[in-house]
Amino acid sequence: QLHLVESGGGLVEPGGSLRLSCTASGDQLNYYTVHWFRQVPGKEREGVSCISVHDRISNNQDSSEGRFTISRDRTKGAVYLQMSGLKPEDTGTYYCAARRISYCTYEYDSWGQGTRVTVSS
């Protein structure tokens with residue numbers, strides 16, 4: 001069974017940047033479509049950005065507004081979310097999710113525990 005681990009969260013000032021990483025054990029993440037989600041206080045969990053197993057990217061623009069970039073490093077078996085121009089409203093817990101399918105969806109088999117992002121001065 002795929003076990004996902006997110007890392008890279010932390011405290012950053014407004015306007016700053018962070019790179020979140022999603023790695024896996026139990027199988028190779030390269031065979032999966034991976035989607036970043038976030039849950040911010042007072043709101044339901046929302047999709048941020050997705051990269052399919054064929055590296056097709058689908059962004060949830062309402063969330064990222066073009067400030068977030070998803071990428072995959074197949075040599076490391078990792079998927080990243082580069083976040084720039086961070087705003088206080090980006091504060092929340094960020095999760096990666098994965099499924100062994102060829103397209104982005106909102107239904108995933110595997111979820112990580114999340115990494116906390118706090119944007120504050």
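The link of C22 and C96 is right-handed, with 70 degrees about the S-S bond. Let me start there. This is a predicted model, in which local features need pLDDT of at least 70, side-chain atom pairs count only at pLDDT 80 or more, and totals for chains, interfaces and linings use all residues. Residues are numbered from 1 along each chain as its sequence is written, and side-chain values use heavy atoms, with hydrogens and water left out.

Back to the cysteines. The structure holds two disulfides (a disulfide being a pair of cysteine sulfur atoms within 2.5 Å). In the C22 and C96 pair, the sulfur atoms are 2.1 Å apart. The pair links distant parts of the chain: C22 sits in strand β3, C96 in strand β9, 74 residues apart. Strands here are DSSP E runs of at least two residues, numbered from the N terminus. Both C22 and C96 are buried. Buried means under 20% relative accessible area, exposed means over 50%, and partly exposed is in between, with a 1.4 Å probe and protein chains only.

The other disulfide joins C50 to C104, S to S 2.0 Å. Its torsion about the S-S bond is about -95 degrees, so this one is left-handed. C50 is in strand β5, and C104 is in the loop between β9 and β10 (110–111), 54 residues away. Are the two ends buried or partly exposed? C50 counts as buried, at 0% relative accessibility. C104 counts as partly exposed, at 27%. Counting bonded cysteines along the chain, the pattern is 1-3, 2-4.

Now the sheet. Four strands form an open sheet in the order β1-β3-β8-β7, with antiparallel pairing. Two strands pair if DSSP finds at least two bridges between them. The edge strands are β1 (3–7) and β7, each pairing on one side only. From one strand to the next, the twist averages 20 degrees; the axes are lines fitted to C-alpha atoms, with angles from 0 to 180 degrees between N-to-C directions. Five bridges join β1 to β3. There, E6 stands opposite C22, the disulfide cysteine we began with.

Next, the core. A nonpolar core is a set of buried Ala, Val, Leu, Ile, Met, Phe, Trp, Tyr and Cys residues joined through side-chain atoms within 4.5 Å. The largest one has 23 residues, and L29, V34, W36, L81, M83 and Y94 touch the most other members. Strands that each supply at least two core residues include β3 (18–25), β4 (33–39) and β9 (92–99). What does L81 contact, leaving aside neighbours within four places in sequence? Among its contacts are L18, L20, W36, V48, F68, I70 and Y94. Contact means heavy atoms within 4.5 Å.

Last, charges. The count comes to eight salt bridges (a side-chain nitrogen of Lys or Arg within 4 Å of a carboxyl oxygen of Asp or Glu). R38 and D90 meet in one, at 2.8 Å, N to O. R38 lies in strand β4 and D90 in the loop between β8 and β9, so the pair ties together parts 52 residues apart in sequence. R38 is buried, at 5% relative accessible area. D90 is buried too, at 1%.

D55 and R74 form another salt bridge, at 3.1 Å. D55 lies in the loop between β5 and β6, and R74 in the loop between β7 and β8. D55 is partly exposed, at 37%, and R74 is partly exposed, at 33%. Salt bridges that share partners join R38, K43, E46, R67 and D90 into one network. One backbone note: phi of D55 is near 70 degrees, a positive value in a residue other than glycine.
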